[in-house]
Amino acid sequence: MKRLILKILLLLLWCMLSAYLINVSVKLFVPAERTGSPTFWSIYVGTVALMVLYVGIINKLYNGIVAVKVPKDKESEIIVLGNYLLFAIAVPLLIHRLLLHVGVVIATNGEVGVEDIVLNTNYWKEDFPFLLLPLLFTALFFYYWPEYRLFKGDKVSVVPRQEEVSVFDWREYRLPNMLLEQLRKVLDPTISVVEGRIRVFDMVFILYENQNYFAVLTNGEKYLLPRFRPSMLSEWLLGCWFVQINNAVRVNMLYLQRPLEDRKNIILDETVDNILFDSNEKYSRELLRVGRSGTEHIKGFLNNIPTVTDQGWEEWAVEVRS
């Protein structure tokens with residue numbers, strides 16, 4: 001609830017600032033020339049309301065164009081971004097121009113026609129950029145920080161319910177956590193060390209600390225990985241599932257919660273996240289921080305999903321030491 005209230009307050013603050021810029025425009029450094037008008041503040045309040053509407057439209061368009069897509073490569077990601085920006089900016093602009101036209105026609109008793117507004121070069125050079133920039137900034141903000149949206153939309157029609165999919169559908173939707181739910185139905189959830197070895201299924205992180213590598217398990221336990229080197233991952237049957245997200249952390253992509261909405265921090269499976277971070281203070285959420293190359297490493301794994309193995313999770317294959 002507190003997070004929602006904070007989002008709403010930030011939204012209103014942004015809309016108020018944007019409305020001020022839109023109405024002051026080129027008089028930004030001499031605002032009195034605009035704010036001194038007797039109609040300025042009434043128009044300003046109306047513009048704040050319109051900005052709230054525009055932000056809601058952009059939010060909705062993000063949900064409908066970006067959030068439901070899982071780009072297969074860089075080119076498709078650029079296409080999705082381009083389509084999103086086109087509609088996210090064009091729709092509010094069209095609404096704003098129509099309302100502006102209606103307002104001008106009423107104010108001039110019909111003396112100003114559509115052609116006068118369209119051909120008014122002063123408006124396009126001076127005032128229009130101050131409308132375009134807030135809309136563009138809002139669209140890009142939701143794209144790079146989608147966790148700050150007020151509403152996230154419903155994706156049921158895009159991703160089927162878990163009980164309706166088979167173990168192989170996770171590849172089609174590129175959602176590793178679909179596979180996780182299926183594995184939880186068939187594998188013994190008990191974590192144990194058998195002859196000094198653990199299952200890859202039980203490992204969430206591989207950490208590099210004090211010149212040693214450690215495995216952090218789904219129950220919060222931590223084991224030393226003796227003689228481990230990152231190059232050994234290529235020898236593990238499921239080694240490709242451990243993706244490096246920063247200098248000290250490799251994460252088991254099986255426990256990654258998709259979609260990746262936050263490009264600065266990964267989001268883990270809720271059950272595991274609660275055990276590792278919410279129930280105690282043993283681990284810091286810095287483990288979830290995505291470094292400079294982390295996003296590309298994650299995208300690389302997702303792009304390679306058609307070829308990665310999904311067998312061997314039940315084997316006690318990783319050597320550990322208490």
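Reply: Start with E181 and R184, which form a salt bridge with their closest N and O atoms 3.1 Å apart. Keep in mind that this is a predicted model.

Me: What is the cut-off for a salt bridge?

Reply: A side-chain nitrogen of Lys or Arg has to be within 4 Å of a carboxyl oxygen of Asp or Glu. For E181 and R184 the closest N and O atoms are 3.1 Å apart, so the pair counts.

Me: Where do E181 and R184 sit in the chain, and how far apart are they?

Reply: They are 3 residues apart in helix α8, which covers residues 176-186. That separates them by about one helical turn.

Me: Which residues form a salt bridge between R227 and its partner, and where do they lie?

Reply: R227 pairs with E319, with 2.4 Å between the closest N and O atoms. R227 is in the loop between β4 (222-224) and β5 (242-246), while E319 is in strand β7 (residues 316-319), so the bridge ties together parts 92 residues apart in sequence. On accessibility, R227 counts as exposed at 55%, and E319 is partly exposed at 31%.

Me: How many salt bridges does the structure hold?

Reply: It holds 10. One of them links D127 and R34, where the closest N and O atoms are 3.9 Å apart. D127 belongs to helix α6 (residues 121-144) and R34 to helix α2 (residues 32-35), so this pair ties together parts 93 residues apart in sequence. R34 is partly exposed, with a relative accessible area of 23%.

Me: What does the UniProt record annotate as "transmembrane region"?

Reply: The unreviewed entry gives that annotation to residues 43-62, 83-108 and 128-145. In the model, residues 43-62 are 100% helix, and the end C-alpha atoms of this span lie 28 Å apart. Residues 128-145 are 94% helix, with end C-alpha atoms 26 Å apart.

Me: How many helices and strands does the protein have, and what share of its residues is buried?

Reply: The protein has 10 helices and 7 strands. Of its 322 residues, 40% count as buried.

Terms used:
Residues numbered from 1 in each chain as written. Predicted model: local features only at pLDDT ≥ 70, side-chain atom pairs only at ≥ 80, totals over all residues. Heavy atoms only, no water. Helix = DSSP H or I, 4+ residues; strand = E, 2+ residues; numbered from the N terminus. Buried < 20%, exposed > 50% of the residue type's maximum accessible area, 1.4 Å probe, protein only. UniProt positions renumbered as here; feature names shortened; annotations may be inferred.
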